[in-house]
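Subject: Structure handover

Hello,

Here is the structure I promised to pass on. Please open it first, then read my notes below.

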Amino acid sequence: MDASYDMVQRCQNDYHASNNPDNTETMFVVGDEEFLPIKENSVDLVISCLGLHWTNDLPGAMIQSMLALKPDGLFLAAILGGETLKELRIACTVAQMEREGGISPRISPLAQVRDAGNLLTRAGFNLPGVDVDEYTVKYESALELIEHLRAMGETNALSQMNTMLKRDTALATAAIYDSMFASEDGTVPATFQVIYMTGWKEHSSQQKPKRRGSATVSFKDIQTQFGNQS
């Protein structure tokens with residue numbers, strides 16, 4: 001499923017070109033995560049790979065994913081985290097303050113790691129899990145990075161923004177980026193933080209925390225036991 005008809009059509013063409021060796025029944029759907037076209041309690045697994053950061057209502061999209069799952073169904077998602085492109089954000093902020101006297105974000109806002117667990121819990125998922133990876137990609141210059149982001153469609157999607165990046169501001173951004181972050185080989189790094197989230201729809205077979213005060217062994221006794229062994 002994708003919001004872009006052209007992207008769905010491309011995936012469908014590639015799928016049919018592969019001759020579908022395992023005869024898996026596959027449907028291709030043009031849809032929006034915020035208005036998920038999937039019936040409640042109808043699927044075992046929902047996977048989202050680097051797409052949820054585009055939604056206007058991230059908690060709502062995750063709630064709809066939870067509702068679409070069958071009991072004990074798994075939600076598995078990867079989203080870009082708030083540390084993504086931190087070098088570009090810093091360089092662009094400094095350049096805009098120097099050249100324009102103000103700031104207009106050039107990159108869409110992204111969720112922080114601390115938000116991921118809260119989002120899973122708010123959506124009603126059980127046994128939430130969060131993991132983080134950071135990837136560093138090297139570019140010849142900051143201007144090459146900006147062109148790459150434009151080609152990917154990963155610049156700022158906010159409706160209220162200054163759409164024009166002035167030439168002198170862009171050049172100042174590149175110069176500041178190079179002076180602050182350039183590597184010894186002359187390239188500039190770009191950090192991409194990926195937050196992985198897992199959550200399960202409630203089911204009676206899942207493990208549950210014990211009632212408060214039901215413990216039969218105290219941590220003090222455990223500490224004493226292991227302390228004596230050492």
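The side chains of D44 and K70 form a salt bridge, at 3.9 Å from N to O. The term means a side-chain nitrogen of Lys or Arg within 4 Å of a carboxyl oxygen of Asp or Glu. D44 sits in strand β1 (residues 43-49) and K70 in strand β2 (residues 69-80), so the pair ties together parts 26 residues apart in sequence. Strands here are DSSP E runs of at least two residues, helices H or I runs of at least four, numbered from the N terminus. D44 is exposed, at 53% relative accessible area. K70 is partly exposed, at 33%. (Buried is under 20%, exposed over 50%, partly exposed in between, with a 1.4 Å probe and protein chains only.)

A word on the source. This is a predicted model: local features need pLDDT of at least 70, and side-chain atom pairs count only at pLDDT 80 or more, while totals for chains, interfaces and linings use all residues. Residues are numbered from 1 along each chain as its sequence is written, and side-chain values use heavy atoms, leaving out hydrogens and water.

The count comes to four salt bridges. Another of them joins D185 and K138, at 3.7 Å from N to O. D185 lies in the loop between α6 (167-181) and β4 (188-200), and K138 in strand β3 (residues 126-139), so this pair ties together parts 47 residues apart in sequence. D185 is exposed, at 51%. K138 is exposed too, at 52%.

K86 also forms a salt bridge with E83, with the closest N and O atoms 3.9 Å apart. K86 is partly exposed, at 32%. E83 is partly exposed, at 30%.

Best wishes
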